[in-house]
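Subject: Structure handover, with notes on what was found

Dear colleague,

I am passing on the structure below, and I would be glad if you could read it alongside the notes that follow.

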Protein chains: 2
Amino acid sequence: MSSSAVAYARANYPRFLDELKDLLRIPSISTLPEHKDDCRRAATVLVDELKRIGFDQARLIETVGHPLVYAEWLKAPGKPTMLLYGHYDVQPTDPDDEWLTRPFEPAERDGNLYARGAADDKGQVWAQVKALESLMASGGALPVNVRVLFEGEEEVGGEGIANFVASKPPELKANVALVSDTELFAPGLPTLCVGLRGMIYTEIEVRGAKTDLHSGMYGGAAPNPFVALAQMLAKLKDEDGHILIPGFYDGILPPSPEELAAWRSLPFDEESYRLKEVGSRQLVGESGYSVLERTWARPTLDVHGIPGGFTGAGAKTVIPARALAKVSMRLVPGMIPAKSFELYKAYVEKIAPAGVDVEVRLIHSGDPCLIPVNNKYVQAATRALHEVWGKDTVFIRSGGSIPIVGDFDRYLGVPSVMMGFGLPDDNIHAPNEKFHLKNFALGIESIVRFMEESAL
Amino acid sequence: MSSSAVAYARANYPRFLDELKDLLRIPSISTLPEHKDDCRRAATVLVDELKRIGFDQARLIETVGHPLVYAEWLKAPGKPTMLLYGHYDVQPTDPDDEWLTRPFEPAERDGNLYARGAADDKGQVWAQVKALESLMASGGALPVNVRVLFEGEEEVGGEGIANFVASKPPELKANVALVSDTELFAPGLPTLCVGLRGMIYTEIEVRGAKTDLHSGMYGGAAPNPFVALAQMLAKLKDEDGHILIPGFYDGILPPSPEELAAWRSLPFDEESYRLKEVGSRQLVGESGYSVLERTWARPTLDVHGIPGGFTGAGAKTVIPARALAKVSMRLVPGMIPAKSFELYKAYVEKIAPAGVDVEVRLIHSGDPCLIPVNNKYVQAATRALHEVWGKDTVFIRSGGSIPIVGDFDRYLGVPSVMMGFGLPDDNIHAPNEKFHLKNFALGIESIVRFMEESAL
């Protein structure tokens with residue numbers, strides 16, 4: 001590893017870590033109105049630092065919510081342009097009494113840095129900024145053109161950045177995006193996430209009688225929206241986890257034999273996953289598919305809650321007038337959210353039992369995404385990671401959605417390289433969030449080398 | 001109608017009505033702690049009045065909640081003893097802005113008296129007391145022995161009276177109970193309720209993962225308790241309203257051909273019932289049975305709510321760790337609650353899908369009840385009602401439960417005559433509750449004549 005930028009990063013690592021701690025001390029909890037100023041303060045720290053290391057146009061971009069951070073360095077003619085993405089907002093800290101040290105007082109223990117936002121996502125954002133500094137300071141320039149776009153609403157839906165990206169601003173013209181908000185599959189194992197599931201999130205509202213009725217007087221004559229809903233939900237998915245909506249699976253692009261073979265060689269222990277991560281009596285889902293296939297490459301349907309009716313302690317003998325089910329489906333490559341919703345809605349309306357009115361609503365949706373591994377930037381990332389980590393990269397997918405990746409693709413035509421350095425046990429969104437210090441250091445070096453390799 | 005007591009009642013009717021208005025002005029809402037003293041005040045008014053008209057032992061009996069009212073007159077040796085039951089507590093008044101006049105300022109309009117509690121049940125309680133006064137004042141004695149037992153917790157579960165009755169106190173030794181808390185099937189139609197459904201009220205708790213999980217990451221592997229619950233609930237009852245629990249219908253005593261023929265001749269318009277009372281697109285329930293059969297003489301199963309999970313606005317992508325369903329079944333004569341629960345529990349446990357733990361709990365239960373129409377007190381009531389109303393009595397059932405009727409039977413061996421004077425449109429438990437003034441007057445006369453006929 002001959003990069004002088006890498007040498008610079010290593011020499012300056014103690015300072016980088018101190019700076020990260022300063023950033024972590026700002027309680028930029030995006031969902032709590034009382035931390036609005038803290039969010040702006042974190043954004044301003046990033047703008048100032050990008051200016052300091054030599055970026056142009058470094059500024060806040062106002063949105064309906066917390067501001068975006070933008071900066072650019074476009075002085076590498078003929079070279080590709082890379083769009084760096086991360087987020088400076090963090091999750092709330094409750095339950096506070098489960099933290100061993102205070103969430104906004106960063107503490108080192110056992111090779112980890114504990115603080116809210118350490119891994120998700122300030123540690124990764126700072127790794128990007130410090131990679132940029134290392135390249136600029138050691139060579140006076142970057143190997144590629146770079147635009148930086150950080151947001152402060154990732155934990156609350158990201159409406160501001162979604163609107164900005166959808167407006168296709170000239171500031172976001174780029175060849176590739178580096179999204180630093182994911183994790184390694186296992187400690188020490190360089191990982192690129194190349195697939196995400198999409199989703200449709202819906203509500204089914206069922207109405208029976210015009211008002212709540214007494215179940216003694218009217219039981220046997222008045223329709224019960226909860227019973228109707230149960231009957232409908234039971235027809236959406238069978239007990240083998242197979243979704244029963246006609247045509248729902250049409251068009252799915254299955255993983256290639258090579259990708260499946262690679263997944264089989266990942267260090268994954270199903271029994272340990274069941275016990276430690278899920279903790280249920282047994283795992284469920286479609287037979288004939290592995291856990292990784294079921295969570296990464298197969299559509300699923302879940303019910304999140306069934307509000308309405310009587311929910312207190314004890315007994316109330318009511319036939320509620322209405323019931324609501326929150327139902328979402330995860331979609332995989334080859335599926336189109338609008339099409340899936342249409343099939344779902346038509347089926348739900350068809351299976352509605354007699355006596356009730358049913359309304360099906362789409363709350364939001366997101367596209368599935370798949371990055372081809374033969375993409376030149378994925379290949380560049382692979383070479384960089386091999387050099388820094390001494391191992392071949394594993395290509396994984398995520399069962400969740402990162403909406404910004406779909407937006408970059410849809411509105412900007414920009415593919416994303418999802419190269420992240422969290423670990424599965426980093427406790428993001430939970431007490432005692434941490435970032436493995438080695439991953440912070442090697443993360444900076446990985447980003448440096450990725451940029452250098454992308455220039456080739 | 002030669003009764004001098006009836007003549008007394010007619011002569012004193014204006015005063016009786018004024019006294020009832022005074023009782024209705026006391027906001028004895030049993031469920032609201034701030035009205036605790038009002039409940040006691042209403043009870044005390046009743047004790048004082050029973051003393052005044054010549055009853056012995058008139059007193060409050062303390063319970064865990066609001067007090068019972070007890071009084072007795074046992075000076076008719078060789079004659080039967082009648083236990084009078086009613087309740088002085090009332091429902092809350094919300095939504096208050098829908099009342100045309102204030103709920104605790106009784107107002108006469110169109111031959112009705114409007115106030116919370118007018119029909120349910122102070123008007124009927126006062127009709128009992130005024131019948132007793134009419135008999136005592138006109139003849140110096142009652143034709144039968146009488147014990148009075150009023151409660152103040154009918155609207156909140158009646159725990160106090162249930163405990164008292166279960167203790168089989170000597171104060172409640174009687175041959176028959178007169179329960180005045182029901183209604184006429186139609187205006188001007190004398191009615192006796194001779195059957196009630198029983199019930200079992202249950203909870204099904206379903207647990208999947210050890211904690212809430214992200215539906216993107218774990219959808220396809222982690223069990224979803226709401227989906228499991230929907231699948232189970234759908235197997236409890238088919239779309240024809242038929243309950244699928246094996247053995248559930250065993251032992252049911254169907255109504256006699258005569259009783260069914262009598263129901264068919266009742267003034268009941270199914271389309272008007274659907275439109276005005278239920279207000280649903282169509283009525284539901286077992287095919288082959290009329291609405292009255294389905295609600296009076298067939299068991300039913302209803303779901304009252306499914307608490308747990310995400311119930312807010314918008315979207316949260318969670319696989320909840322647990323879900324709960326509130327499920328009750330109405331039972332008919334021939335069914336035993338403990339047996340029905342046992343069949344239900346065994347079946348629910350059997351149909352639980354893989355991956356979840358299921359717990360089935362009984363919250364409370366009540367026996368179904370059927371009063372033989374050839375009972376001598378039912379016959380006495382029929383004669384009395386014919387004389388006062390000029391029509392043959394119709395015998396109906398109720399789909400609901402009046403737990404005290406089952407308790408009188410189970411603990412005291414006392415059958416109940418359910419003779420009430422409400423009307424189906426009295427808006428009990430709703431704004432603008434009313435009591436038809438003619439029914440108050442004829443109710444007093446009916447009770448007078450019932451006591452006289454019971455002495456024969």
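Two residues are taken to be in contact if their C-beta atoms, placed from the backbone, lie within 7 Å. Please keep in mind throughout that this is a predicted model.

**The contact between the chains**

On that definition, the contact between the two chains draws 70 residues from chain B and 70 residues from chain A. On the side of chain B that touches chain A, the elements giving two or more residues include the helices α5 (215-218), α6 (225-234) and α9 (291-296), and among them are also the strands β11 (300-305), β13 (322-331) and β14 (357-366) of chain B. The largest share of this side, six residues, comes from α6(B). Sorted by class, the side of chain B that touches chain A holds 29 nonpolar, 29 polar and 12 charged residues.

The axes of helix α6 (residues 225-234) of chain A and of α6(B) come within 7 Å and cross at roughly 110 degrees. Because angles from 65 to 115 degrees count as roughly perpendicular, α6(A) is described as roughly perpendicular to α6(B). From α6(A) the contact takes Val227(A), Ala230(A), Gln231(A), Leu233(A) and Ala234(A), while α6(B) contributes Val227(B), Ala230(B), Gln231(B), Leu233(B) and Ala234(B). By class, the contact of α6(A) with α6(B) has eight nonpolar, two polar and no charged residues.

**Helix pairs within chain A**

Helix α1 (residues 4-24) and helix α13 (residues 437-454) of chain A pack with their axes 10 Å apart, at an angle of about 150 degrees. Since angles over 145 degrees count as roughly antiparallel, that is the description given to α1(A) and α13(A), and their crossing is right-handed. Ala5(A), Val6(A), Ala9(A), Tyr13(A) and Phe16(A) of α1(A) meet Ala441(A), Ile444(A), Glu445(A), Val448(A) and Arg449(A) of α13(A). In terms of class, the contact of α1(A) with α13(A) has eight nonpolar, no polar and two charged residues.

A second pair in chain A is formed by helix α4 (residues 159-166) and helix α12 (residues 403-412), whose axes come within 9 Å and cross at roughly 15 degrees. That angle makes α4(A) roughly parallel to α12(A), and the crossing of the two is right-handed. The residues that make the contact are Ile161(A), Ala162(A), Val165(A) and Ala166(A) of α4(A), together with Pro403(A), Ile404(A), Asp407(A), Phe408(A), Tyr411(A) and Leu412(A) of α12(A). By class, the contact of α4(A) with α12(A) has nine nonpolar, no polar and one charged residues.

**Helix α4 of chain B**

In chain B, the residues Gly160(B), Ile161(B), Phe164(B) and Val165(B) of helix α4 (residues 159-166) are buried. They cover an arc of only 125 degrees around the axis, which means that they lie on the same side of α4(B). The buried residues of α4(B) pack against β1 (56-61), β2 (68-73), β6 (145-151) and α12 (403-412) of chain B. After α4(B) comes Lys168(B), whose phi is positive, near 45 degrees.

**Backbone details worth a look**

Most residues other than glycine have a negative phi, and most peptide bonds are trans. In chain A, Gln57(A) is not a glycine, yet has a positive phi of about 60 degrees; Gln57(A) sits in strand β1 (residues 56-61) of chain A and is partly exposed, with 14 other C-beta atoms within 10 Å. Asp110(A), likewise not a glycine, has a positive phi of about 55 degrees and lies in the loop between β4 (107-109) and β5 (112-114) of chain A. Asp110(A) counts as exposed because there are 8 C-beta neighbours inside 10 Å. The C-alpha atoms of Asp110(A) and Leu437(A) are separated by 9.3 Å, although these residues are 327 residues apart along the chain.

In chain B, the peptide bond from Asp94(B) to Pro95(B) is cis, with omega near 0 degrees, and Pro95(B) is placed in the loop between β3 (81-87) and β4 (107-109) of chain B. The peptide bond from Asp120(B) to Asp121(B) is also cis, with omega near 10 degrees, and Asp121(B) is found in helix α3 (residues 118-139) of chain B.

With best wishes

Key:
Residues numbered from 1 in each chain as written. Chains lettered and ligands numbered in written order. Predicted model: local features only at pLDDT ≥ 70, side-chain atom pairs only at ≥ 80, totals over all residues. Helix = DSSP H or I, 4+ residues; strand = E, 2+ residues; numbered from the N terminus. Nonpolar A, V, L, I, M, F, W, Y, C, P; charged D, E, K, R; others polar. Buried ≥ 20, exposed ≤ 12 C-beta atoms within 10 Å, placed from the backbone. Arc of directions from axis to C-beta. Axes fitted to C-alpha atoms, helices over the stretch in contact; angles between N-to-C directions. Parallel < 35°, antiparallel > 145°, perpendicular 65-115°, else oblique. Left-handed = near helix turned anticlockwise from the far one by under 90°.
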